[in-house]
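Dear colleague,

Please find below the structure that I am handing over to you. My findings follow it.

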Amino acid sequence: MSANPARVSNENTAVPNDLESWWMPFTANRQFKANPRLLVGAKDMHYTTHDGRQVIDGSAGLWCVNAGHCRKPIVEAIQKQAAEMDFAPTFQMGHPKAFEFASRLAHLAPGDLNHVFFANSGSEAVDTALKIAIAYHRARGEGARTRLIGRERGYHGVGFGGISVGGIVSNRKVFGPLLAGVDHLPHTHSLKDMAFSKGQPDWGTHLADDLERIVTLHDASTIAAVIVEPVAGSTGVLIPPKGYLQKLRQICDKHGILLIFDEVITGFGRTGAAFGAETFGVIPDMMTTAKGLTNAAVPAAAVFTRKHVHDAFMSGPENMIELFHGYTYSAHALACAAGIATLDLYRDEGIFENAKALAPYWEDAVHSLKGVKNVIDLRNIGIMAGIEMAPREDGAGKRGYEVFVKAYEKGLMARLTGDTIALSPPLILTRKHIDDIFGILKDAIQSVN
Ligand SMILES: Cc1ncc(COP(=O)(O)O)c(C=O)c1O
């Protein structure tokens, strides 16, 4: 074997012999390549690793494989579509499955979120929604409303729009001045006031009032939209305080500001209903989704808009393009086929209902880790959880990383953010899977200093 740890022999193994070429996303490339973790197969609740182990998928891939892996109806729909029509342009052209998928989605969405704009990733969905918000106000004669309000610890993907409204310092600090005219609400996490809350914390509703301060500072006439994740996923599963999202809705309504929910993680059953908007009883003006939209089998994203947002664009000469925006792969034929098959599976197998029914058992399992060494907070909603551990003196994130690696070695794939382990398994799980996930995780936490 070469002295270079990034070069691993592939004799009698599935590990490629050159790990050098692929510059991996959101990865400590040198650390990873010295000790790679490769996945080579997946079925339902499990991955197969390159060394032949079965690992339970505690994170639904990246919060996306909600119906479980390699589901036959989705696989077959993709295969059929690829053979029938691989690609069709969607600029001044269309194809039947795009219309079918959009109308199925519109029926699934709450309230009058009944128009759908397709993109390919959560990041693109976010940029699309932000652009629609600004153009919406202009279409109504309020062109000065261009300011966008995000939130600290928010994650909205990695486009310039998303990182501008996002609130994760490492995703922002090396990329220059970002979008102009952006402000941020405070995040809603306080260990002191809400540690070990079950479901929505009682404390923190007042944090929504900060939007009034921002409105006073900039004047409502300059503000286009507020964007938040109903549950902040990527920064460690931060559950919204009771009444917080309602308050944001009220303040936005009062000042004519659009409210955008980024439901890229919370969409498609994760919180125990089709969308977080339903779980929390707040209808935003727009909703960004991706991930579970196609069960992640084909990359796709969808921005849902309420009727009044869509209709604001439908004036002027009918030969005019109403929105100068779109992607070559918007409503890709394979994505639409996969998406329709995914929606069928969600409905036919009652997958969101399964998530809702198991949520209390999940909550008990999460909170059974109270008292385990180094655990300083446990957070849950639907079938998602954050397990926060105290940072170690040798550096923030080091304990979390060791737990993550130990868990993987013991048979559980989880997500890691700093010293928080995030869990969001496929929603086809059973009580036995929940027991397995928390059994392995507890062992892993206990085995790390
Ligand atoms: C809330 C939220 N928005 C946007 C994104 C970005 O999605 P993508 O990675 O598909 O661009 C993510 C990804 O995790 C997300 O969690």
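At what angle do helix α15 (residues 398-410) and α16 pack, and how far apart are their axes? The angle is about 130°, and the axes of the two helices are 8 Å apart. Angles over 145 degrees would count as roughly antiparallel and those from 65 to 115 as roughly perpendicular, so α15 is oblique to α16. The crossing of these two helices, α15 and α16, is right-handed. On the α15 side, the contact is formed by V403, K406, A407 and K410; on the α16 side, I440, L441, D443, A444 and I445 take part. Sorted by class, the residues of this contact comprise six nonpolar, no polar and three charged.

Before going further, please keep in mind that this is a predicted model.

The protein as a whole

The protein contains 16 helices and 15 strands. Its radius of gyration is 22 Å, close to the 22 Å that the globule rule gives for 449 residues, so the protein is as compact as a globular protein of that length.

The contact of α14 with α16 has six nonpolar residues, no polar ones and one charged.

The pair α4 and α13

Helix α4 (residues 96-108) and helix α13 (residues 333-348) have axes that come within 9 Å and cross at roughly 40°. An angle must be under 35 degrees to count as roughly parallel, and α4 and α13 are therefore oblique to each other. The crossing of α4 and α13 is left-handed. From α4, the contact draws on K97, A98, E100, F101, R104 and L108; from α13, it draws on A333, C336, A337, G339, I340 and L343. Eight residues of the contact of α4 with α13 are nonpolar, one is polar and three are charged.

The surroundings of the ligand

How many residues surround the ligand, and which are the closest? There are 14 residues around the ligand, and the closest are S121, G122, S123, G157 and V264. Helix α5 (residues 122-139) gives the most to this shell, with three residues. By class, the shell around the ligand consists of five nonpolar, seven polar and two charged residues.

Yours sincerely

Terms used: Residues are numbered from 1 along each chain as its sequence is written. This is a predicted model: local features need pLDDT of at least 70, side-chain atom pairs count only at pLDDT 80 or more; totals for chains, interfaces and linings use all residues. A residue is near a molecule or strand if its C-beta atom, placed from the backbone, lies within 6 Å of it. Helices (H or I, at least four residues) and strands (E, at least two) are DSSP runs, numbered from the N terminus. Ala, Val, Leu, Ile, Met, Phe, Trp, Tyr, Cys and Pro count as nonpolar, Asp, Glu, Lys and Arg as charged, and the others, Gly among them, as polar. Axes are lines fitted to C-alpha atoms, for helices over the stretch in contact, and angles run from 0 to 180 degrees between N-to-C directions. A crossing is left-handed if the near helix is turned anticlockwise from the far one by less than a right angle, and right-handed if clockwise. Two residues are in contact if their C-beta atoms, placed from the backbone, lie within 7 Å. The radius of gyration is taken over C-alpha atoms; the globule rule is 2.2 Å times the number of residues to the power 0.38.
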